[in-house]
Amino acid sequence: MKKLKVLIVDDSSVMRKIVERALRQAGLELTEVLEASNGAEALVQVQKGSLDMILSDINMPVMDGLEFLKNLSTIESARNIPVVMITTEGSEARVVEALSAGAKGYLRKPFTPEQVKERVTPLLGGSL
Amino acid sequence: MTLATKTSSPTAVRFDPYWKSIMECAAVEVFELMAGLRLELVATPGGEAQGEQTAMVGMAGALRGMITVRCSRSAAGKLASLMLGQDGATNPAMTRDALGEICNMIAGNFKAKVSNLADHCMLSVPTVITGEDYAMDTASPHDSVTLALAYEGECICVSLITHS
């Protein structure tokens, strides 16, 4: 299995740790985990180098997940990075908006490692 | 010419006593999925929530109010360690943040289960109070429901307080 470099974007440091733990418990081999606390910080991380996947919260200060997705689509080198949105909100509208803006999937909190695996691994395709 | 609005205006959702069972379902699910705990409902000791750690998440829009999760510092530490590993129990900031996230997820899960709330109720970021010597007063009129979940001989209390 290929080792993955992922970016986790969430304004809660605890939530970032929970997501990383869930990815590892889901059996993914992570070689590097980058973190950002909002969309603007995430865009800086994206510019730094190749990523296999981005997992991003929707509701964040400074730049939210939807704005991040829109900005991400303008970066040529980032267009093929799968993005999974993570949300506490039960709002279908927000999820639809995220998928329309380019997200490849979403996870609703609370989630289990099994649900993470189910949603994330199909998106990694050639990376695994 | 057609005018389209991006979001529809929220219609106020009134408190329903049946929400206690929805709250129970939402809370039990969060503790089970995030901490691997199967918690059961017990009678609230003394009729009021107790404990040194209280997490709160505000609600605005179709439903205005607050959801709180209150427990002892040791229970909060144990929950954090189940969610984050040993670091969660030994780092007080992580313990508080973990309880805040639990409260946030219970609030999100609750509103997802009540029709008309998912798209029309917004949640605040979580706030965590440390200490027992405080009283919470809410502007009247209001309704509330509290449930106590048994955890290792203690109670984790989850409350919903709504403005009518």
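Me: How much area do chain A and chain B bury between them?
Reply: About 1,700 Å², with 62% of it on carbon and sulfur atoms. Keep in mind that this is a predicted model.

Me: OK, and how many residues of each chain are in contact?
Reply: On the chain A side 19 residues are in contact, and they meet 24 residues of chain B.

Me: Which three residues of chain A supply more of the buried area than any other three?
Reply: Val14(A), Arg21(A) and Pro110(A), which supply 31% of the area that chain A buries against chain B.

Me: How many salt bridges across that interface?
Reply: The rule finds 0 salt bridges between chain A and chain B.

Me: Which elements of chain A give two or more residues to the side touching chain B?
Reply: Those are α1 (13-25) and α4 (92-100) of chain A. Of the elements, α1(A) gives the most, with 6 residues.

Me: What's the class make-up of that side of chain A?
Reply: It has 6 nonpolar, 6 polar and 7 charged residues.

Me: Switching to packing inside chain A. At what angle do α3(A) and α4(A) cross?
Reply: Roughly 10 degrees, and the axes come within 9 Å. Angles under 35 degrees count as roughly parallel, so α3(A) and α4(A) are roughly parallel to each other.

Me: Which residues meet there?
Reply: From α3(A) you have Leu66(A), Leu69(A) and Lys70(A), and from α4(A) you have Arg94(A), Glu97(A) and Ala98(A). By class, that contact has 3 nonpolar and 3 charged residues, with no polar ones.

Me: Now chain B. How do α2(B) and α4(B) pack?
Reply: Helix α2 (residues 73-84) of chain B packs against helix α4 (residues 92-113) of chain B at about 80 degrees, and their axes are 9 Å apart. That angle makes α2(B) roughly perpendicular to α4(B).

Me: Which residues make that contact?
Reply: On α2(B), the residues are Ala76(B), Gly77(B), Leu79(B), Ala80(B), Met83(B) and Leu84(B). On α4(B), they are Met94(B), Thr95(B), Ala98(B), Leu99(B), Ile102(B) and Met105(B).

Me: How do those residues divide into nonpolar, polar and charged?
Reply: The contact of α2(B) with α4(B) has 10 nonpolar residues, 2 polar and no charged.

Technical notes. Residues numbered from 1 in each chain as written. Chains lettered and ligands numbered in written order. Predicted model: local features only at pLDDT ≥ 70, side-chain atom pairs only at ≥ 80, totals over all residues. Heavy atoms only, no water. Axes fitted to C-alpha atoms, helices over the stretch in contact; angles between N-to-C directions. Helix = DSSP H or I, 4+ residues; strand = E, 2+ residues; numbered from the N terminus. Parallel < 35°, antiparallel > 145°, perpendicular 65-115°, else oblique. Contact = heavy atoms within 4.5 Å. Nonpolar A, V, L, I, M, F, W, Y, C, P; charged D, E, K, R; others polar. Buried area = accessible area lost by both parts, 1.4 Å probe. Salt bridge = Lys/Arg side-chain N within 4 Å of Asp/Glu carboxyl O.
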